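Thanks for asking me to look this one over. Here are my notes, in numbered points, with the model open beside me.

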Amino acid sequence: MHSREKGGHIMFDIILRGGHVIDPASGIDKVQDIAITLGQISALSNKITGEAKQVHDVSGCIVTPGLIDFHTHVYHGGAWGIDADLLGPRTGVTTFVDFGTAGPGNFQGFLDHIISRAKVRILAFLHIAYTGLDGAIYYPSALRIIGELEDIRRAIVGAAVNIGRQYDEIIRGIKVRASVEAAGGNGIQAVLLARQAASILGKPLAVHIGEPPPTINEILPYLRPGDVLTHSFRGPINSLLDPTNQLIPEAVAARERGVIFDLGHGQGSFSFHVGKQLFNQGIYPDIISSDVHAYSIGGPAYDLPTTMSKFLGIGMDVKDIICSTTYTPAKILGLESSLGSLQVGREADIAVLKLEKGEFLFRDAQGEVLKTETRFTPVMTFKKGDLLWAA
């Protein structure tokens with residue numbers, strides 16, 4: 001227990017009292033107190049005795065590890081990027097994973113101007129395209145979308161490997177967008193080049209699926225155990241469902257060998273219909289992520305708690321939702337020993353949420369509306385023991 005002594009009494013910096021602690025990494029799912037000292041979790045028990053500079057009554061709330069939004073675009077000022085420090089604190093997200101906004105040619109700028117200055121933690125999957133999404137031209141009034149890998153010469157394996165090695169602690173994997181709008185007819189070749197870079201680095205490959213070519217059936221066999229399929233609950237065309245609403249055989253095989261299914265809601269990549277059909281077959285997302293970016297922050301994704309609330313509405317258990325936004329992403333990032341848990345001695349990244357009751361309407365990427373009676377509402381966010389935001 002890390003604490004201070006004052007006149008023979010145990011002294012903490014902060015105590016959170018009476019919250020329902022859900023920490024899937026530790027198997028904790030009960031009401032407990034949490035103490036914070038010097039930016040670390042210093043005690044966790046049914047009733048913490050001692051004094052604290054600050055005591056917060058969080059009874060009736062859920063207390064979880066700081067949320068990890070595994071698929072986002074937070075190169076603010078770069079292509080598609082939003083400001084993580086504006087969004088994170090008010091949504092309980094203490095760690096953002098930027099999913100390929102930057103490539104080898106512009107990652108240094110992302111690091112110097114955004115990552116190193118952020119209050120929240122920012123990690124990244126490096127785009128195999130040399131300038132990441134800066135190589136893509138996407139503008140609502142444009143006559144067409146120009147993809148970053150329509151010229152496959154932009155996928156430079158050596159450059160990705162060099163940057164990946166140089167910033168090994170921040171870059172947690174390699175990203176590729178294997179869809180017609182991103183790669184034209186080069187989708188499979190782009191996957192192979194990205195997989196080559198990921199293999200050399202010993203890190204996961206993350207593959208975006210969208211409009212074909214290539215089809216999801218063609219992409220899935222190239223994914224290895226621990227690799228990530230993002231936009232896995234997207235609607236037609238190119239969903240995980242066959243015409244009879246059954247999980248396609250390639251997806252069954254991929255799950256059996258340990259491919260990770262990430263949600264990646266975004267502007268166009270989550271369907272309530274697909275989610276319900278997959279739930280009926282016992283298929284849940286391994287990771288729930290918002291894919292928040294400049295074109296989805298105003299809807300339909302909005303943020304991670306909103307995305308999590310949609311899964312409450314289609315029947316996913318609260319504890320499983322918390323696991324998919326804390327422990328599982330930490331594990332896929334290779335950081336489960338430092339992130340995604342409330343164990344004593346860990347950095348005090350904490351989200352306090354409330355299950356708010358009422359009548360709420362949520363929309364998916366196809367415009368379908370779901371009416372629910374419960375949603376996640378952020379209450380407090382702590383990063384390294386500092387209170388970043390409170391409702």
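1. A term to start with: two strands pair if DSSP finds at least two bridges between them. Please keep in mind throughout that this is a predicted model. With that in hand, take strand 8 (residues 93-99) and strand 9: they pair in the parallel sense over five bridges. Within this pairing, F96 stands opposite I122 in strand 9.

2. Strand 9 has a partner in strand 10 (residues 171-178) as well; these two run parallel and are joined by four bridges.

3. Is strand 9 buried or exposed? Seven of the seven residues of strand 9 (residues 121-127) are buried, so the strand is largely enclosed by the rest of the structure. In a regular strand, side chains alternate between the two faces of the sheet. Both faces are covered in strand 9: R121, L123, F125 and H127 are buried on one side, and I122, A124 and L126 are buried on the other.

4. Rolling a probe the size of a water molecule over the atoms shows where empty space is left. The count comes to one cavity of 30 Å³ or more, and the largest cavity has a volume of about 70 Å³. R121 is among the residues that line it, along with T94, T95 and E347. By class, this lining has three nonpolar, six polar and three charged residues.

5. The largest pocket has a volume of about 430 Å³. Of the 25 residues lining this pocket, R177, E181, H208, Q267 and S269 are the closest to its centre. Strand 10 and strand 11 (205-209) are the elements that give two or more residues to the lining. Sorted by class, the pocket lining has seven nonpolar, twelve polar and six charged residues.

Methods
Residues numbered from 1 in each chain as written. Predicted model: local features only at pLDDT ≥ 70, side-chain atom pairs only at ≥ 80, totals over all residues. Heavy atoms only, no water. Buried < 20%, exposed > 50% of the residue type's maximum accessible area, 1.4 Å probe, protein only. 1 Å grid on protein atoms, 1.4 Å probe; cavity = no way out; pocket = protein on both sides within 12 Å on 5 of 7 lines; lining within 4 Å. Points joined across faces, edges and corners; volume = space filled by probe spheres on them. Nonpolar A, V, L, I, M, F, W, Y, C, P; charged D, E, K, R; others polar.
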